[in-house]
Amino acid sequence: MNLLVALFKSSLGKKYVMALSGAVLVLFVIAHLLGNLQMFLGPEAINKYAAFLKASPEVLWGARSGLLLMVGLHLFSAALLLRENSDARQAEYEKKDLVAASFASRTMIASGIILFSFVVFHLLHYTALQIDPSFAEMHDAQGRHDVYRMVVSGFSHWWVSGFYILSMGLLCLHLSHGASAMFQSLGLKNERNRCFIDGAAKTLGLVLFIGYSSIPLAVLLKVVK
Amino acid sequence: MNITLRVWRQKSRHETGHFEEYEAHDLNPNMSFLEMLDVVNEQLTKAGKQPIAFDHDCREGICGMCSCVINGEPHGPENKVATCQTYLRSFKDGDTITVEPFRAAGFPLVKDLVVDRSAFDRIMQAGGFISVNTGNAPDANAIPVGKEIADQAMDAAQCIGCGACVAACKNASAMLFVAAKVSHLNLLPQGQPEKSKRALAMVNQMDEEGFGACTVTGSCEAVCPKGISLSFISKLNRDYLGAMLFR
Ligand code: HEM
Ligand code: FES
């Protein structure tokens, strides 16, 4: 308990929470992408995979609550840090050079908040099935939820695909900085590995962007139908 | 050369400040930035006006006393030099130069371009030392120190505590300063007995002084007149985490 209080009291403690929750979310987005790419293997593969994920409610809800907790911790420490960081400057400069601070590093809050609104929409859309109620009635020949048809139908609206691709761009931006900063926050970066980690984070962001965007793009271009 | 200066003037913390414009003529390009301010101040004094208050001491880049944000960059446009070693040849004839004080809640303004950086002294007092019982000076080579460690410790020890890192950071974070001071001692064998205590005490004091947290933008490293590396912040994160969990 003392450790928990100390964690949220110190600026470094909040960054540890930020980095650890961020790291779990990074692992999740990588795994989630690998799952989603089965869209290109056809209805059988993705529907079977979806049924497999939902086979055990205990595991499913265990994973869901874990992820929700991570998002909660990430948001909570972001809010605390935002307040402290803006209190620390008070008077602004009239003229300010950006000196080395990348666009991604200066906009973590903005990219994070828009990402959060995307996550809410995404969950309502494909998990809670609230945006288009017809999704709930889609079943394949084996009686499984027809995830393939749901995704194709969802992404055939240009505004859904557009918001999705835009959000993946922001995820790329957030992680091009965040996936490297988390190593710094946890004390794992040093003079030897810093260039590699910086490069790897940017590459990861780009790979995630291309991977995730390929699905709505393939639907819009009628490659996947 | 001729320069137009826009300088932040503020009588005290409790009064509102504003920019004032000054023309400085016939300057030698090999004058330092501070010498140019001296010239302007002489003019102001002769005209019966208040000279611009600015901090300075050694004027050779080693004391950390000079400050100022020059055209939006702490210590001006050149890399790895302090304001006192910034020369007018770094600017163009006819330039307008904006000069502001370091701005941070942890560095309250005193007057014009002078800010109170004693928060750094209090951070040092919290743990920036090694406790040794008095007695004869020990033999210089009694404790062997590996070359690589010694080099790293000396890189960290280069920090002159000027506060440019705070001034440049979008969060006004003092992490680079604290990281350099903690790492300098925590790397060396003499610093080991108080390693955890030092990391905890200095970071806690830093938080108390109202500095922000690190977002790893790298601005601090870019403006540091001594080129202190961002990697020391990673080391501080590591030392503090270890101290928090295992002390
Ligand atoms: C839910 C909305 C989100 C918000 C509001 C948010 C906000 C932030 C902010 C403000 C930072 C920078 C903290 C700082 O140093 O000042 C950050 C860092 C980070 N975020 Fe997010 N983020 C969100 C979602 C995500 C997602 C979905 C992921 C991963 C897929 C993620 C991964 C990371 C990582 C790895 C870091 C670096 C941690 C560090 O600086 O040590 N974030 N986030
Ligand atoms: S006056 Fe001493 S470092 Fe500039």
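Reader: Why does Asn71(B) count as partly exposed?

Author: Happy to explain, starting from the rule: a residue is buried if 20 or more other C-beta atoms lie within 10 Å of its own, exposed if 12 or fewer, and partly exposed in between, with C-beta atoms placed from the backbone. Asn71(B) has 17 C-beta neighbours inside 10 Å, so it counts as partly exposed. Asn71(B) sits in the loop between strand 3 and strand 4 of chain B, and its phi is positive, about 50°, although it is not a glycine. Please keep in mind that this is a predicted model, in which local features need pLDDT of at least 70 and side-chain atom pairs count only at pLDDT 80 or more, while totals for chains, interfaces and linings use all residues. Residues are numbered from 1 along each chain as its sequence is written, and chains are lettered from A and ligands numbered from 1 in the order in which they are written.

Reader: What does the model score, and what pLDDT does chain B average?

Author: The model scores ipTM 0.92 and pTM 0.94.

Reader: Why is Gln192(B) called exposed?

Author: Gln192(B) has 12 other C-beta atoms within 10 Å, so it is exposed. Gln192(B) lies in the loop between helix 5 and helix 6 of chain B. From Gln192(B) to His25(B) there are 167 residues in sequence and 55 Å in space, C-alpha to C-alpha.

Reader: How many helices and strands does each chain have?

Author: Helices (H or I, at least four residues) and strands (E, at least two) are DSSP runs, numbered from the N terminus. On that basis chain A comes to 9 helices and 0 strands, and chain B comes to 8 helices and 7 strands. Buried residues make up 29% of the 225 residues in chain A and 46% of the 247 residues in chain B.

Reader: How do you know that strand 1 and strand 5 of chain B pair?

Author: Two strands pair if DSSP finds at least two bridges between them. Strand 1 (residues 3-9) and strand 5 (residues 96-100) of chain B are joined over 4 bridges, in the parallel sense. Thr4(B), for instance, stands opposite Thr96(B) in strand 5. Strand 3 and strand 5 of chain B pair over 2 bridges, in the antiparallel sense, and Val69(B) has Glu100(B) as its bridge partner in strand 5.

Reader: Why do strand 2 and strand 4 of chain B stand at the edges?

Author: The open sheet has 5 strands in the order 2-1-5-3-4, with mixed pairing. Strand 2 (18-24) and strand 4 (73-74) of chain B each have a single partner strand, so one side of each is left without a neighbour in the sheet.

Reader: What is the span of helix 6 of chain B, and what is expected?

Author: The expected span of a helix is 1.5 Å times one less than its number of residues. Helix 6 (residues 195-208) of chain B has 14 residues and reaches 20 Å from its first C-alpha to its last, close to the 20 Å expected. Its buried residues include Leu200(B), Met202(B) and Val203(B). The buried residues of helix 6 pack against helix 2 of chain A, together with helix 2 (118-127), helix 5 (175-187) and helix 8 (231-246) of chain B. Just after helix 6, Gly210(B) takes a positive phi of about 90°.

Reader: How many residues of the two chains are in contact?

Author: Two residues are in contact if their C-beta atoms, placed from the backbone, lie within 7 Å. By that rule, 37 residues of chain A are in contact with 39 residues of chain B. Helix 2 of chain A gives the most to the side of chain A that touches chain B, with 5 residues. By class, that side has 14 nonpolar (Ala, Val, Leu, Ile, Met, Phe, Trp, Tyr, Cys and Pro), 13 charged (Asp, Glu, Lys and Arg) and 10 polar residues (the others, Gly among them).
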